[in-house]
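Welcome, and thanks for taking a look at this model with us. Have the sequence and the 3D view open side by side as you read.

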Amino acid sequence: MFDTALTTSDLLFMAKGAGMTLAVTGIAVAAGTLLGIVLGVVRVQLGPVWSAPLTFLLDIFRSVPLLIQLVLGNAFQAIAQFGWEPFTTSCVILSLYTAAYCTEIVRGAIDAVPATTRRAARSLGLNWSQDMGYIVAPLAARIAMPSWIGLTLGVLKDSSLILWLGMIELLRASQIVITRLQEPLFILMICGLIYFLLSFPIARLGGYLEKRWSPND
Amino acid sequence: MIEIENVRKSFGPLEVLKGIDLTVKKGEVLTVIGGSGSGKSTLLTCINGLEPIDSGRILVDGTHVHAKSTDINKLRCKIGIVFQQFNAFPHLTVLENVTLAPRKVKKMSRAEAEEIAIKQLNHVGLGEKRDVYPSRLSGGQQQRMAIARALAMSPDYMLFDEVTSALDPQLVGEVLDTLKMLADDGMTMILVTHEMSFARDVSDRVAFFHQGVMAEIGPPKQIFEDPQNEETRKFLSNVR
């Protein structure tokens with residue numbers, strides 16, 4: 001007979017952790033995507049040579065493990081006396097981490113829009129920003145969508161590392177419950193299930209958008 | 001009037017236009033023929049400012065195309081260009097492809113732009129296809145859509161850059177018919193083409209380009225029947 005000491009309040013505690021995971025992920029993905037779009041466009045406009053310093057900076061964010069970035073970021077903000085809450089630090093670091101990946105996705109997607117199509121747009125009298133807005137953005141968005149969904153799902157799970165800054169997100173909440181109840185397998189299964197429930201709609205959103213756009217291709 | 005004065009243009013070490021002088025009057029149909037790499041397509045992209053030039057100047061109705069002070073986007077409304085690749089905007093329906101520039105560049109209302117677009121689509125025989133996406137069109141239909149898209153800006157000049165080269169042979173006719181219709185309507189056109197018999201039918205003048213130089217220009221009868229230049233003769237005997 002299956003027996004567990006897990007109570008509703010434990011589940012609520014884990015749900016609150018999931019809420020934190022969602023909040024941090026939501027902020028990081030939103031801010032990181034906006035910054036990534038700006039930096040991606042800048043990279044394309046500047047060309048590989050002039051954007052080399054930016055590329056190098058972004059490479060650092062993509063190469064150093066997120067855990068190290070979080071710990072170092074937290075230490076630096078303390079040294080610089082920013083006085084940030086761990087929540088703020090977590091959001092800032094995760095946003096930069098997301099932006100570093102998103103910049104590459106955006107750059108690749110813009111480059112994948114055929115130059116001849118853009119030339120045709122410009123030949124009709126559209127200026128640069130109209131070309132970007134009406135031609136490049138919709139076409140690049142389709143190209144970028146699968147990678148961006150992958151990035152978002154990755155950030156959702158990587159956000160568990162903010163527990164090292166003392167944040168109680170889903171994984172940390174689950175650990176606390178495990179420590180108290182000593183039912184690791186069962187609780188980790190629930191934790192995994194919650195991650196799945198958070199991720200699944202995002203993955204489906206990607207599938208939905210691809211399907212919606214595909215009849216036109 | 002399009003005035004081209006001693007235009008030179010290089011891509012790296014390769015000089016593709018070696019001092020071109022040419023004037024195209026209002027209502028004239030000029031066909032440019034020549035081998036690949038002769039600079040004829042480059043000339044078209046220079047005329048509407050898509051390519052910068054190294055020296056010389058190009059004037060369209062007296063406006064210096066490559067001057068910094070020129071509002072190139074405004075000037076491009078006057079000069080339609082259609083390319084070898086159809087360059088449809090794949091995320092927009094046929095109607096949206098055609099209305100985009102009138103709405104965004106000329107700031108027309110949607111209704112106004114659609115009225116013009118539908119007229120142009122009917123003109124090129126695509127009235128029925130207005131709500132489909134370009135991927136559902138054949139190559140010939142896509143190219144006719146590209147022509148309607150350029151015409152919707154009510155240009156004074158139309159440039160056609162080998163518009164039939166990427167088409168299956170059986171689709172070439174429908175596009176040429178559209179061009180013929182435009183020529184009959186009195187549109188000022190510069191056509192770069194490999195369709196020699198078509199060039200002969202519609203052109204007021206034919207220019208032969210060879211290695212970045214305009215080797216010969218004259219009425220189609222002269223160019224095709226009695227070419228003066230040795231290179232023209234060689235080229236025509238090869239394509240016939």
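This is a predicted model: local features need pLDDT of at least 70, side-chain atom pairs count only at pLDDT 80 or more; totals for chains, interfaces and linings use all residues.

The report below goes through the confidence of the model, then chain A, then chain B.

For the complex, the predictor gives an ipTM of 0.88 and a pTM of 0.87.

**Chain A**

What kinds of elements make up chain A? Chain A has eight helices and zero strands, and from the N terminus on its elements read α-α-α-α-α-α-α-α. The C-alpha trace of chain A spans about 70 × 50 × 25 Å along its principal axes. Chain A has 217 residues, and 36% of them count as buried. Turning to contacts in chain A between residues at least 6 apart in sequence, 79% of these join residues at least 24 apart.

**Chain B**

In chain B the mean pLDDT is 93, and 100% of the residues reach 70 or more. Which elements of chain B have the lowest and the highest mean pLDDT? The table gives both.

| Element of chain B | Residues | Mean pLDDT among the elements of chain B |
|---|---|---|
| helix H6 of chain B | residues 169-184 | 88 (lowest) |
| helix H3 of chain B | residues 94-104 | 96 (highest) |

Chain B also carries an annotation from a record: an unreviewed UniProt entry lists "domain: ABC transporter" for residues 2-236 of chain B.

Methods: Residues are numbered from 1 along each chain as its sequence is written. Chains are lettered from A and ligands numbered from 1 in the order in which they are written. Helices (H or I, at least four residues) and strands (E, at least two) are DSSP runs, numbered from the N terminus. A residue is buried if 20 or more other C-beta atoms lie within 10 Å of its own, exposed if 12 or fewer, and partly exposed in between; C-beta atoms are placed from the backbone. Two residues are in contact if their C-beta atoms, placed from the backbone, lie within 7 Å. pLDDT is the predictor's confidence in each residue, from 0 to 100. UniProt positions are given in the numbering used here, feature names are shortened, and annotations may be inferred rather than shown by experiment.
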